[in-house]
Amino acid sequence: MCDRRSFLQIAATCLAASSSVAVAQIFPNTDQLTVKKKITGCGISDFIGGSYSVVDSSGISELDQGVQIERQVLNNVFKVSPDFAFIDDKQTPQAFTEKTNDGARIFFGETLAQNERQMNPEFWETAVIGIMAHEWAHAFQYNSGLEELKFIQECHADYMAGWYLGLKYRIVNPDGFARSLYQKPGDNRTGFFDPNNYGSPEQRVAFMMAGFKAGKTAASGTTKPLIWDAANEGYRAVSAIVR
Ligand SMILES: [Zn+2]
């Protein structure tokens with residue numbers, strides 16, 4: 001359980017979870033593939049109209065501190081190094097990932113972070129880390145050249161986020177992230193719960209929990225967890241729904 005533990009403690013657990021063994025499937029072990037088009041939007045929120053100002057702080061000092069370490073762990077596990085910044089998202093609480101010429105950049109709303117703490121006072125750190133992992137999964141998809149149906153992109157990112165939390169199963173509570181997924185607004189503007197685009201809340205939580213279980217199993221094994229194994233397993237599970 002992570003509850004009141006710091007991000008630093010949570011992050012430290014995962015620093016060793018990396019390797020580089022090739023798996024020649026949907027997600028080969030390479031970062032040399034070319035992404036042909038930008039994947040817009042995100043299941044955390046799909047409203048990316050307008051512009052957002054980058055801000056120095058999330059408004060939560062422990063998050064400002066911990067996020068720097070968490071980024072390193074996420075980079076290490078997902079094999080990508082996206083830029084990251086907090087933004088002023090007063091209009092629509094959100095986080096999203098954009099493709100750039102040399103990788104990706106992730107924006108995390110200060111209002112989203114503060115809402116998570118307010119809605120999930122007990123497990124908000126897990127929820128925030130889960131959202132970050134969902135966005136890092138998108139950066140991984142970009143880097144892998146995955147271009148798929150929105151449902152697959154988003155549910156796959158949920159699976160990968162769950163997998164990441166599963167690697168930290170000793171100190172996080174996936175219920176915190178599941179609760180967060182359920183609590184996101186379901187209006188058409190965000191599209192978060194539009195089954196035609198993103199999958200139902202039940203499907204998304206189910207894929208996240210399937211990923212969590214796989215991550216926990218991987219972290220409990222004798223070999224290092226591999227992002228490509230998880231990505232391929234998640235892709236098989238998610239794509240089976242629509243094919
Ligand atoms: Zn997303």
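Two strands pair if DSSP finds at least two bridges between them. Strands (E, at least two residues) and helices (H or I, at least four) are DSSP runs, numbered from the N terminus. The model is predicted: local features need pLDDT of at least 70, side-chain atom pairs count only at pLDDT 80 or more, and totals for chains, interfaces and linings use all residues. Residues are numbered from 1 along each chain as its sequence is written.

**Exercise 1. Describe the sheet and the pairing of its strands.**

Step 1. Strand E2 (residues 83-87) and strand E4 (residues 103-109) pair in the parallel sense over five bridges. Within this pairing, phenylalanine 86 has phenylalanine 108 of E4 as its bridge partner.

Step 2. E3 and E4 pair in the antiparallel sense over six bridges, and they form a hairpin with two residues between them. Lysine 99 stands opposite alanine 104 in E4.

Step 3. The open sheet of four strands therefore reads E1-E2-E4-E3, with mixed pairing. Strand E1 (54-55) and strand E3 (95-100) are at the edges with a single partner strand each, so one side of each has no neighbour in the sheet.

**Exercise 2. Describe how helices H3 and H4 pack on each other.**

Step 1. Helix H3 (residues 110-119) and helix H4 (residues 124-144) pack at an angle of about 145°, with their axes 8 Å apart. Axes are lines fitted to C-alpha atoms, for helices over the stretch in contact, and angles run from 0 to 180 degrees between N-to-C directions.

Step 2. The contact (C-beta atoms, placed from the backbone, within 7 Å) is made by Ala113, Glu116 and Arg117 of H3 and by Trp124, Ala127 and Val128 of H4.

**Exercise 3. Determine whether threonine 126 is buried or exposed.**

Step 1. A residue is buried if 20 or more other C-beta atoms lie within 10 Å of its own, exposed if 12 or fewer, and partly exposed in between, with C-beta atoms placed from the backbone.

Step 2. Threonine 126, which lies in helix H4, has 28 C-beta neighbours inside 10 Å and therefore counts as buried.

Step 3. Threonine 126 and glycine 176 are 50 residues apart in sequence, yet 5.8 Å apart in space, C-alpha to C-alpha.

**Exercise 4. Explain why helix H5 is largely enclosed by the rest of the structure.**

Step 1. Helix H5 covers residues 150-167 and has 18 residues.

Step 2. Of these 18 residues, 17 are buried, so H5 is largely enclosed by the rest of the structure.

Methods. Two residues are in contact if their C-beta atoms, placed from the backbone, lie within 7 Å. The expected span of a helix is 1.5 Å times one less than its number of residues.
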